[in-house]
Amino acid sequence: MAKGTNKRAARGRGAARGRSPEPVTASVDGGLAELVPDRDRPRGWTLLLDGKPQSHVDLDDPAYLDFEYQRRFGHLADLVALPGRPLHAVHLGGGGFTLARYVAATRPRSTQQIIEIDAPLVQFVRSELPLDPGDRIRVRGADARAGLAKVPDGWADLIVADVFSGARTPAHLTSVEFLAEVRRALRPDGWYAANLADGPPLAHLKAQIATARAAFAEVCLTADPALLRGRRFGNAVLLAADRDLPLAELTRRAAGDPHPARVEHGRALADFTGGAAPVTDATAAPSPAPPPAVFT
C-alpha cells in the first residue's frame with residue numbers, strides 16, 4: 001500500500017459479503033487520496049485528492065464511465081479507429097486509470113502507457129483498484145512531458161492529457177512546444193485529446209484552442225453550453241488531429257449524453273477564441289484554480 005494508507009479502512013473494504021465497503025485513504029505526493037465507495041455500484045469507487053473528485057472506477061464494469069468529461073474521452077476512444085481495433089494509447093496523468101481500463105475493455109489487445117508523476121498515488125491505486133494483468137497497461141512514474149519524450153516516434157493512435165497538480169494543469173503542458181512533442185509521438189492519423197478546465201473569462205481555454213490550432217490541421221471542442229457562454233467553471237474536452245474529425249457522430253453523442261454538450265469546430269471555434277495567441281514555453285502559465293464553490 002502507499003504510504004499512510006488507512007489499514008483499518010482497507011480491511012473494511014474487503015469485509016464479509018453483505019457489509020458495505022468503507023473509504024480507503026492514503027497520503028500521496030498530491031495530498032490526501034481517498035477512495036469512496038459508490039453505493040449504487042457494488043465495486044464502484046470514486047477517487048478524491050484533498051476532497052476533490054478525480055475519477056471513478058467500476059471494477060466489475062470498466063466500460064462504465066461516470067464522470068462527464070470521462071464519457072467525452074470515451075466517445076473519442078470509440079471513434080479514433082474502427083470498433084474493436086486495438087489501439088496504442090498514451091495517458092498523460094493517471095488518476096484511477098479509468099480511461100485505460102475503458103480502452104482495454106472495449107478494444108482488447110490494445111497496448112497502453114500511463115505516465116503519472118505521483119508514485120505513491122500510482123501505488124495506492126494499483127493496490128486498491130488493481131489492473132488486470134492481461135490488459136497490457138504499463139504505468140510509468142514520470143513527469144508527463146518527460147515521459148512523453150520517451151514514447152517512440154509515430155507510436156500512438158491516441159494521446160490523452162488529463163494532468164492536474166493542485167487542480168491546475170502545469171504550465172509546461174500548455175505550449176506549442178509541448179504539442180510538437182505530442183505530434184512526434186502520434187501516428188500521422190492519430191488523435192490528441194485534452195481535458196481543459198477554466199471559468200470566466202475563459203482566457204486559458206481560448207489560448208489552448210489557439211495553441212492546438214497552431215499545431216494541428218483540425219481541432220474541435222466539446223463542452224457544456226453554459227461553460228462556453230462563460231457562466232461557470234468547468235471542463236471542456238479538446239480534440240486535435242491532422243485528419244478529418246467525425247463531427248456529426250461526436251455531436252450526436254454529446255447531445256445525447258446525460259449532461260448534453262455542444263461541439264464547436266471551424267469558423268465558430270476560431271471566433272470563440274477572440275484572437276487569443278498560441279501559448280509558448282516562454283509565455284506558459286498553469287490553468288486557473290477552480291473557485292471553492294466548484295467542490296461544495
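These are my notebook entries on a predicted model, written up element by element.

**Entry 1: confidence**

**Entry 2: the eight-stranded sheet**

Next I traced the strand order of the sheet. It is an open sheet of 8 strands, and I read the order as β7-β6-β5-β8-β9-β11-β10-β12, with mixed pairing. Which strands stand at the edges? I found β7 (137-141) and β12 (262-265) there; each has a single partner strand, so one side of each is left without a neighbour in the sheet.

A reminder to myself on pairing: strands of a sheet pair through backbone hydrogen bonds, either parallel or antiparallel. For one pair I wrote down the details. Strand β10 (residues 218-223) and strand β11 (residues 234-241) run antiparallel and are joined by 5 bridges. Opposite Cys220 I found Leu239 in β11.

**Entry 3: helices across the sheet**

I then checked what lies across these strands. Helix α2 lies across β8 (156-161), β9 (186-198), β10 and β11, and runs at about 170° to β9. Helix α7 (residues 203-215) lies across β9, β10 and β11, and it too runs at about 170° to β9.

On the way from β9 to α7 I stopped at Pro201, which lies in the loop between them. Here I noted a cis peptide bond, joining Pro200 and Pro201, with omega about 10°.

**Entry 4: α2 against α3**

How do α2 and α3 cross? I found that the axes of α2 (residues 68-79) and α3 (residues 98-106) come within 10 Å and cross at roughly 35°. The crossing is right-handed. From α2, the contact is made by Gln70, Phe73, Gly74, Ala77 and Asp78; from α3, by Thr98, Leu99, Tyr102 and Val103. I sorted these residues by type and got 5 nonpolar, 3 polar and 1 charged.

α3 itself is mostly covered, with 7 of its 9 residues buried. The buried ones are Thr98, Leu99, Ala100, Arg101, Tyr102, Val103 and Ala104. I was pleased to see Arg101 in that list, as it is a residue I would have wanted to look up anyway.

**Entry 5: Leu79, in α2**

Leu79 is found in helix α2. Leaving aside neighbours within four places in sequence, I listed its contacts as Arg107, Trp191, Pro246, Glu249, Leu250 and Arg253. For one of these, Arg107, I also looked up the spacing: it is 28 residues from Leu79 along the chain, and their C-alpha atoms are separated by 11 Å.

**Entry 6: Gln112, in β6**

Gln112 sits in strand β6 (residues 111-116). Buried or exposed? Its relative accessible area is 1%, under the 20% cut-off, so I put Gln112 down as buried. Beyond four places in sequence, Gln112 is in contact with Ala89, His91, Leu99, Ala100, Val103, Ala104, Arg136, Ile137 and Arg138.

**Entry 7: the β3-β4 hairpin**

My next stop was a hairpin formed by β3 and β4, with 2 residues between them. Strand β3 (residues 44-49) and strand β4 (residues 52-58) run antiparallel, joined by 6 bridges. For Trp45, the bridge partner in β4 is Val57.

Asp50 is in the loop between β3 and β4. Its phi is near 50°, a positive value in a residue other than glycine. I noted Asp50 as partly exposed, with a relative accessible area of 46%.

**Entry 8: another positive phi**

I looked up Arg109 as well, which lies in the loop between α3 and β6. Phi of Arg109 is near 75°, again positive in a residue other than glycine. How accessible is Arg109? I found 56% relative accessibility, and because the cut-off for exposed is over 50%, Arg109 counts as exposed.

Definitions and conventions
Residues numbered from 1 in each chain as written. Predicted model: local features only at pLDDT ≥ 70, side-chain atom pairs only at ≥ 80, totals over all residues. Heavy atoms only, no water. Axes fitted to C-alpha atoms, helices over the stretch in contact; angles between N-to-C directions. Helix = DSSP H or I, 4+ residues; strand = E, 2+ residues; numbered from the N terminus. Left-handed = near helix turned anticlockwise from the far one by under 90°. Contact = heavy atoms within 4.5 Å. Nonpolar A, V, L, I, M, F, W, Y, C, P; charged D, E, K, R; others polar. Pairing = 2+ DSSP bridges. Buried < 20%, exposed > 50% of the residue type's maximum accessible area, 1.4 Å probe, protein only.
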